[in-house]
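Please look through the structure shown here with its sequence at hand. The report that follows takes up a few of its features, one at a time.

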Amino acid sequence: GYSHRNTHVLARQHAEFAFCTPAQSLERIKRSIEMFSKAGLNVAGFRQPGWDIAADFSLVEVIKQMGFEYLGGSSPNAGLNYGSQRVSNLLPSHFRSILNVPQNVGLADRRPALLYAAEEIVRKGGLVSLKGHYANLQLIPNTISNETILSLRSVLELFRREYAGKIWYATFKDIARRWIGIENMTVVPNENNSEFIVRNNSHCDLPDVEVNVMRRLQEKTSI
């Protein structure tokens, strides 16, 4: 967002895009991108402040119009999942033709519950997406503080202890690009069907994925 504030009488103060028209949302996003660009930062994805995304999901159409690679628009019970579940809480999934990367664990959760939730997601083969805020601790409980940093360290220690070498630590941008790349990858036989060719039809460079796909194909055909 641009200001992380909303002065609409019905909106929560921090839910910037609540009750905004598409034109108003577009203007705010353009201004925020300009601000990031001046700071030398290239913006790849979007997450709406305060989770509000407009009941008609018109904000999603604006996000697509602006060419964002992904949307981080959901938690288990907010954003795209407010009122009913529309996207996965475990893995990236598409909503209205844009990839959504979910947030599913909050640093404000009690530590035993946080560790249990993170491990359950890993066991299911999902994406553990932790959220914290740079904000006043009195206003937002999951702000970055000594307590939430200890919680984050506990999660990382769990991963190192139980899942060493099995977890990929990545940004939302990396996850989105990899996911889209895999979705756009095709495997085709050559002219005499003697071997397979992996074609990456996305703009993402995924040599490790291509090698892994080829290895699995070779194992399958040699049985």
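## A pair within helix α2

In this predicted model, K64 and E61 lie 3 residues apart in helix α2 (residues 58-65), so about one helical turn separates them.

The structure holds 6 salt bridges. Side chains of opposite charge can pair when their charged atoms come close. One of these salt bridges is formed by E69 and R177, whose closest N and O atoms are 2.6 Å apart. This pair links distant parts of the chain, since E69 sits in the loop between α2 and β2 (70-71) while R177 belongs to helix α5 (residues 172-183), 108 residues apart. E69 is partly exposed, with a relative accessible area of 21%, and R177 is partly exposed too, with a value of 31%.

Another salt bridge brings together the side chains of R111 and E147, at 2.5 Å from N to O. Here again distant parts of the chain are linked, with R111 in helix α3 and E147 in helix α4, 36 residues apart. R111 counts as partly exposed, at 26% relative accessibility.

Helix α3 (residues 111-123) has 13 residues and reaches 18 Å from its first C-alpha to its last, which is close to the 18 Å expected at 1.5 Å a residue. Its buried residues are L114, A118, E119, I121 and V122. Seen down the axis of α3, these buried residues fall within an arc of 160 degrees, so they line one face of the helix.

What do the buried residues of α3 pack against? They pack against β7 (105-106), β8 (130-131) and α4 (146-162). On the other side of α3, by contrast, P112, Y116 and R123 are exposed. The helix α3 is followed by G125, whose phi is positive, near 75 degrees.

F36, L41 and V43 make a nonpolar surface patch of about 240 Å². Of these residues, L41 is found in the loop between α1 (22-38) and β1 (45-46), and at 45% relative accessibility L41 counts as partly exposed.

Technical notes: Residues are numbered from 1 along each chain as its sequence is written. This is a predicted model: local features need pLDDT of at least 70, side-chain atom pairs count only at pLDDT 80 or more; totals for chains, interfaces and linings use all residues. Side-chain values use heavy atoms; hydrogens and water are left out. Patches are made of residues with over 30% relative accessible area and no salt bridge: like charges are joined within 9 Å, nonpolar side chains (Val, Leu, Ile, Met, Phe, Trp, Tyr) within 5 Å. Accessible areas come from the Shrake-Rupley method with a 1.4 Å probe; for residues, only the protein chains shown count as cover. A salt bridge is a side-chain nitrogen of Lys or Arg within 4 Å of a carboxyl oxygen of Asp or Glu. Helices (H or I, at least four residues) and strands (E, at least two) are DSSP runs, numbered from the N terminus. Buried means under 20% relative accessible area, exposed over 50%, partly exposed in between (1.4 Å probe, protein chains only). The expected span of a helix is 1.5 Å times one less than its number of residues. The arc is that of the directions from the helix axis to the C-beta atoms. Contact means heavy atoms within 4.5 Å.
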